[in-house]
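Please look at the sequence and the structure shown below before reading on.

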Amino acid sequence: MAGTKTFTMIKPDAFGAGNSGAIIRMIEEAGFEIRAMKLTRMSEKLAGSFYAVHKERPFYQDLVKYMSSGPIIAMILEKSNAVEDFRTLIGATDPAKAAEGTVRKLFATSIEANAIHGSDSDENADIEGNFFFSQLERFN
Ligand code: CMP
């Protein structure tokens, strides 16, 4: 059975452009409940370890620099079928390929500065939520 939690980050481009409020509104209107939320800024070291799975990809260094270039908003969200439904809401990684009305279609500026992250599996939702939030902050 699909899990009920996912993890997201509003990325530095979207935060810096003042789009956080509009994005959070879209998330809530789509039926996700915010279970934890944090405004923070990753060091290059932290961004590097968060994206360690992409270490061998050509875009890794740029991604690490970009993700540590400004504040992000991390959230744990709850909804039935959370991971899949959230990825539908945010759209394809490349905004040029994202469906109309998705977060990335509306707010992303490039494949790298693509406004928002969404976990790709229940297992990664757990790992990523635990990366940002302590047990005390994951009180639900
Ligand atoms: P996300 O899906 O959150 O996690 C991996 C990130 O790497 C992705 O969003 C983009 O920000 C970035 N990314 C993925 N593919 C590319 C690419 N081809 N070029 C540059 N950045 C990418």
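How far is an oxygen atom of the ligand from an N or O atom in the side chain of Lys11? The distance in this model, which is predicted, is 2.8 Å.

## The ligand and its surroundings

Lys11 belongs to a group of residues around the ligand, and this group also includes Tyr51, His54, Phe59, Leu63, Thr93, Arg104, Ile111, Glu112, Asn114 and His117. Two of these residues can be described in the way Lys11 was described above. In Glu112 a backbone N or O atom lies 2.9 Å from an oxygen atom of the ligand, whereas in Asn114 a polar atom of the side chain is found 3.3 Å from an oxygen atom of the ligand. Taken on its own, the ligand has 450 Å² of accessible area, and the protein covers 80% of that area.

Ser68 is placed in the loop that runs between helix H4, residues 60-67, and strand E3, residues 72-78. Is Ser68 buried or exposed? Its relative accessibility is 10%, and because buried means under 20% relative accessible area, Ser68 counts as buried. A polar atom in the side chain of Ser68 lies 3.2 Å from the backbone oxygen of Lys65. When neighbours within four places in sequence are left aside, the residues in contact with Ser68 are Arg41, Met42, Ser43, Glu44 and Ala47.

Glu44, which is one of those contacts of Ser68, is itself located in helix H3, which covers residues 44-50. With a relative accessibility of 43%, Glu44 counts as partly exposed. If residues up to four places away in sequence are not counted, Glu44 touches Val64, Lys65 and Ser68. Glu44 and Met67 are 23 residues apart along the chain, and their C-alpha atoms are separated by 7.8 Å.

## Ala74 in strand E3

Ala74 is a residue of strand E3, and its relative accessibility of 0% is the reason why Ala74 counts as buried. Which residues does Ala74 touch, if those up to four places away in sequence are not counted? They are Phe7, Thr8, Met9, Ala36, Met37, Lys38, Phe132 and Phe133. A separate distance concerns Phe50, which is 24 residues from Ala74 in sequence and 12 Å from Ala74 in space, taken from C-alpha to C-alpha.

## Two residues with positive phi

Asn81 is not a glycine, and yet it has a positive phi of about 50 degrees. Asn81 is placed in the loop between E3 and helix H5, the helix of residues 82-90, and with 25% relative accessibility Asn81 counts as partly exposed.

Ala115, which is likewise a residue other than glycine, has a positive phi near 70 degrees. The loop that holds Ala115 runs between helix H6, residues 103-107, and strand E4, residues 116-118. Is Ala115 buried or exposed? Ala115 has a relative accessible area of 0%, and therefore it is buried.

Glu56 is found in the loop that lies between H3 and H4. Its relative accessibility is 73%, and because exposed means over 50%, Glu56 counts as exposed. Between the C-alpha atoms of Glu56 and Gly118, which are 62 residues apart along the chain, the separation is 21 Å.

Ala98 belongs to the loop between H5 and H6, and although this residue is in a loop, Ala98 is buried, with a relative accessible area of 6%. Leaving aside neighbours within four places in sequence, Ala98 is in contact with Gly91, Ala92, Arg104 and Lys105; of these, Arg104 is also one of the residues around the ligand. From Ala98 to Glu44 the distance in space is 28 Å, C-alpha to C-alpha, and the two residues are 54 residues apart in sequence.

Definitions and conventions
Residues are numbered from 1 along each chain as its sequence is written. Side-chain values use heavy atoms; hydrogens and water are left out. Helices (H or I, at least four residues) and strands (E, at least two) are DSSP runs, numbered from the N terminus. Buried means under 20% relative accessible area, exposed over 50%, partly exposed in between (1.4 Å probe, protein chains only). A polar contact is a pair of N or O atoms within 3.5 Å; within protein, one must be able to donate a hydrogen and the other to accept it, and residues adjacent in sequence count only if both atoms are side-chain atoms. Contact means heavy atoms within 4.5 Å. A residue is near a molecule or strand if one of its heavy atoms lies within 4 Å of it. Accessible areas come from the Shrake-Rupley method with a 1.4 Å probe; for residues, only the protein chains shown count as cover.
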